[in-house]
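Work through these exercises with the structure in view. Try each task before you read its solution.

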Amino acid sequence: METLTLFCTTAMVAFGLYWFICILGSAEQKGKRAVELSGGSISREKVQDKYKQYWSFFRRPKEIEMAEKVPAFVDTFYNLVTDIYEWGWGQSFHFSPSIPGKSHKEATKKHEEMAVDLLRVKPGHRIIDVGCGVGGPMRAIASHSGANVVGITINEYQVKRAQIHNRKAGLESQCDVVCGNFLQMPFPDDSFDGAYSIEATCHAPRLDDVYAEIFRVLKPGSMYVSYEWVTTEKYDSSNAEHVEVIQGIERGDALPGLRKYDQISEIARKVGFQVVKEKDLAKPPAEPWWSRLKMGRIAYWRNHLLVTVLSWIGIAPKGVVDVHEMLFVTADYLTRGGETGIFSPMHMILCRKPAQGVQDQDQDQDQDQSSH
């Protein structure tokens, strides 16, 4: 009898561990599982040290302004967070307005498809995803438009993850991924029929530099659309709470500094673009984009306990617990930014590279102002 009791107890514990780790810890979209959490390209024994180095970057504010240090800083960030993002969020590392009656996955896909629809590309056209992450938007856009998409990300680990997902989706021939800095892209002038960036150029120390590179690689007459992270007209730099929220977002998302909403079109025109349309997609009647972040406390502690257990038994590297906690704190700042209206992750700007110089730019700008 005692043997049977012991067997049943052992079986229940084993099943509980299996459920806790393999079922509860499975990814939202067939990507990473909790048991596969890592530090990207960082070796297991250095994950915690790299996390501490990342955090210390913000204790030296003058270094944030040094453009040459930012790419390595962003690369470290994505080594630390990519697996957690895939596990808990999915393969598209961005926000989208909520759509009543639709899942987060469906709302995300619609948000991505809208971007490529604005480019008016045709099947067979070659477009570039500037800051592609693990390629969730790339695959949705390639499938929707029929275009060939080349993604660029500074993080080598994300390149490998994107290639794996491309193969699983059967899109290897349509989607390509390159490891590189979008401030110095390894592509010839006038080589793409369109370009987009979805919440990626916020990592650039100077938006002028990345916009100039995108302008360079686009064919004359082609379009570029970007969803930018910005502070809105409601942001008050003299309001201590506002400053705390924005700085919290910057620290938790590897941003050298958020730009103001009214700087975006000015910068685009400065590098030569014609601005066709500009609109904050987060404003009403759009449904809140931050609703997805409002994870219940029970759900958070469940996930945090799971990560802690995995780290304690040696499956996840030390430091992953710290990264998970950092992202949870950042989610609170993002939510507060959305609720107060001082921050938007989807200030959309649609631009065109002039087909015949810039002589028609003033006419386009007049048209654009009426579309705001």
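The model is predicted: local features need pLDDT of at least 70, side-chain atom pairs count only at pLDDT 80 or more, and totals for chains, interfaces and linings use all residues. Residues are numbered from 1 along each chain as its sequence is written, and side-chain values use heavy atoms, with hydrogens and water left out.

**Exercise 1. Describe the protein as a whole.**

Solution. 
- Step 1: take the elements. Helices (H or I, at least four residues) and strands (E, at least two) are DSSP runs, numbered from the N terminus. The protein has 13 helices and eight strands.
- Step 2: check burial. Buried means under 20% relative accessible area with a 1.4 Å probe, protein chains only. Of the 372 residues, 55% are buried.
- Step 3: look at contacts, meaning heavy atoms within 4.5 Å. Among contacts with a separation of 6 or more, 80% join residues 24 or more positions apart.

**Exercise 2. Find the cavities and say what lines them.**

Solution. 
- Step 1: recall the idea. Rolling a probe the size of a water molecule over the atoms shows where empty space is left.
- Step 2: On a 1 Å grid over the protein atoms alone, a cavity is a set of points where a 1.4 Å probe fits but cannot get out; lining residues have an atom within 4 Å of a point. Grid points are joined across faces, edges and corners, and a volume is the space filled by probe spheres set on the points.
- Step 3: count. There are three cavities of 30 Å³ or more.
- Step 4: take the largest cavity, with a volume of about 370 Å³. It is lined by 31 residues, and the closest to its centre are Tyr78, Gly131, Cys132, Ala200 and His203. Helix 4 (70–88), helix 6 (136–145) and strand 2 (148–153) each give two or more residues to this lining. Helix 4 gives the most, with four residues.
- Step 5: sort this lining by class. Ala, Val, Leu, Ile, Met, Phe, Trp, Tyr, Cys and Pro count as nonpolar, Asp, Glu, Lys and Arg as charged, and the others, Gly among them, as polar.
- Step 6: repeat for the second largest cavity, which holds about 70 Å³ of space. Its lining includes Trp89, His94, Trp289 and Arg292. The classes here are five nonpolar, five polar and one charged.

**Exercise 3. Repeat the check for helix 5.**

Solution. 
- Step 1: the 16 residues of helix 5 (residues 104–119) should span 22 Å, and its end C-alpha atoms are 24 Å apart, which agrees.
- Step 2: its buried residues include Ala107, His111 and Leu118. The buried residues of helix 5 pack against strand 1 (126–130), helix 6, strand 4 (192–198), strand 5 and strand 8.
- Step 3: look just after the helix. Arg120 takes a positive phi of about 60° there.

Conventions
On a 1 Å grid over the protein atoms alone, a cavity is a set of points where a 1.4 Å probe fits but cannot get out, and a pocket is an open set with protein on both sides within 12 Å along at least five of seven lines; lining residues have an atom within 4 Å of a point. Buried means under 20% relative accessible area, exposed over 50%, partly exposed in between (1.4 Å probe, protein chains only). The expected span of a helix is 1.5 Å times one less than its number of residues.
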